[in-house]
Amino acid sequence: MDFNEAMDYMRSLTKFGINLGLGRIEELLRRLGDPHMSRMNIVHIGGTNGKGSTTAMLSDILREAGYRVGAFTSPHLHSYSERYRINGIQIAPEQVAALLSEIMPHLDEMVTEGYEHPTEFEVGTALAFLHFSRAKVDFLLLEVGLGGSIDSTNVAPSMLSVITNVAMDHMDYLGHTIEEIAAVKAGIIKPGKPVVTAATGEGLRVIEKVCREKECRLTRVGQDITWETLSHSLNGQRFNVTGRKRTYSNLAIKLLGRHQQVNAATAIAAVENLIETGALISAEAVRKGLASTIWPGRLEIVSQKPLTIIDGAHNYEGARSLRLALEDYFPGKNIVLVIGMLADKERSSVVEALVPGAKAVVVTKPDSPRSGDWQHMAVLARRYAADIFLVEDIGEALNKAQTLVGQEDLLCVTGSLYMVADAREKLLKSGM
């Protein structure tokens, strides 16, 4: 089959929903020859926010150090191929189709033999292990899909676990308190293997407890490794990082927002742990890797006229980080907000963080079966702003926003990554 047929097949697997557990993925990988057990150095990266940015930074640092680095991330913005990268280069579409063609007979056999059918994400995870093991990557950076303990990626024998942070998200699956969610995310911690986390408060206390029980060395970002902001502008930001092994002065990143400095410090903490295992990573590789990192859809400026940014702030912590960034980079600007979120997200708290003070808000519908009662966002937004518009089609929502934004105003497109990806594609194609 070709790539389009492969994508149609993957979309058909969404009917199996989110079905957490390791039994199906373990059986599928066994039939494929256990590619996850090949000689790859696996870094497992979980957390509520910042997983993708941290993975991208660490990948670029390791690439600058001369390593062959695989990265499995999700979701994608525009093409499924984005989920599988080696040294930043996406897998070829025909490779996705070929690997999936190889996996499909095993799925049919599993069902015939009485197993539950693997989910779409489980099949994608198996494809990742198969691809990266055959490509003989030196390091595989493996981003958790959902939670940690029974996410399909947790079959990996990782050498290092990274938990970026712990916040309220996916509560229907992970729990309704920070402690419960942290316990699930801490499920990726392997006995005796080092751990890095930027979690704070109750989340950190849970992770510390698990590390004590499993006898793991823990690096706490903000305590064992710290950073100091030097400057920020729309061209990027500069800062210092003091680690356990080195001091990194005047580092530069293109990514905007204070939270990206935390992600950079987290990536450096991971680097220092990898050095302890024998990896050869110079301070210059850290500097060059961070300076080259690009991660689209996160506080990304996509147009200058009108000034337009997009950001996938799909939960409260993401919305709070976006709000701080708007205050840091665009003080005093009137903001026209285009927003659309999935039904299973914290719509109320995100609206509370972003809508107050907005000049106008256009509520739109993410292109997802999980969009639910998308219009309810408008009901919530009317508590904080007067000019609220409902426009179902994302392209038409952007056009409506164009009529509302003045020459000196800022257009901010945010919410679900499904919606942000659609909006980004339309904005870049139209040159809005």
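1. Buried means under 20% relative accessible area, exposed over 50%, and partly exposed in between, with a 1.4 Å probe and protein chains only. At 0% relative accessibility, Y84 counts as buried. F132 is buried too, with a relative accessible area of 0%.

2. This is a predicted model: local features need pLDDT of at least 70, side-chain atom pairs count only at pLDDT 80 or more, and totals for chains, interfaces and linings use all residues. Residues are numbered from 1 along each chain as its sequence is written, and side-chain values use heavy atoms, leaving out hydrogens and water.

3. Aromatic pairs. The structure holds 6 of them. Rings of Phe, Tyr and Trp (its six-membered ring) pair if their centres lie within 6.5 Å; planes under 30 degrees apart count as stacked, over 60 as edge-to-face and the rest as tilted. Y80 and Y84 make a tilted pair, 5.7 Å centre to centre with 55° between the planes. Both Y80 and Y84 are buried. The ring centres of Y84 and F132 are 6.5 Å apart and the planes stand at 40°, so this pair is tilted. Y84 lies in strand β3 (residues 84-86) and F132 in helix α5 (residues 120-134), so the pair ties together parts 48 residues apart in sequence. Ring pairs link F72, Y80, Y84, F121 and F132 into a cluster.

4. The sheet. Helices (H or I, at least four residues) and strands (E, at least two) are DSSP runs, numbered from the N terminus. Two strands pair if DSSP finds at least two bridges between them. An open sheet of 8 strands runs in the order β4-β3-β2-β5-β1-β6-β7-β8, with mixed pairing. Its edge strands, β4 (89-90) and β8 (218-220), each pair on one side only. Strand β7 (residues 195-197) runs parallel to β8, joined by 3 bridges. V196 stands opposite T219 in β8.

5. Helices on the sheet. Contact means heavy atoms within 4.5 Å. Axes are lines fitted to C-alpha atoms, for helices over the stretch in contact, and angles run from 0 to 180 degrees between N-to-C directions. Helix α3 (residues 51-64) packs on the sheet and touches β1 (41-46), β2 (69-72) and β5 (139-143); its direction makes about 175° with that of β5. Helix α8 (residues 201-214) also packs on the sheet, touching β6 (160-163), β7 and β8, and its direction makes about 160° with that of β8.

6. Helix α1. The buried residues of α1 (residues 3-12) are F3, A6, M7, Y9 and M10. These residues pack against α4 (93-112) and α5.
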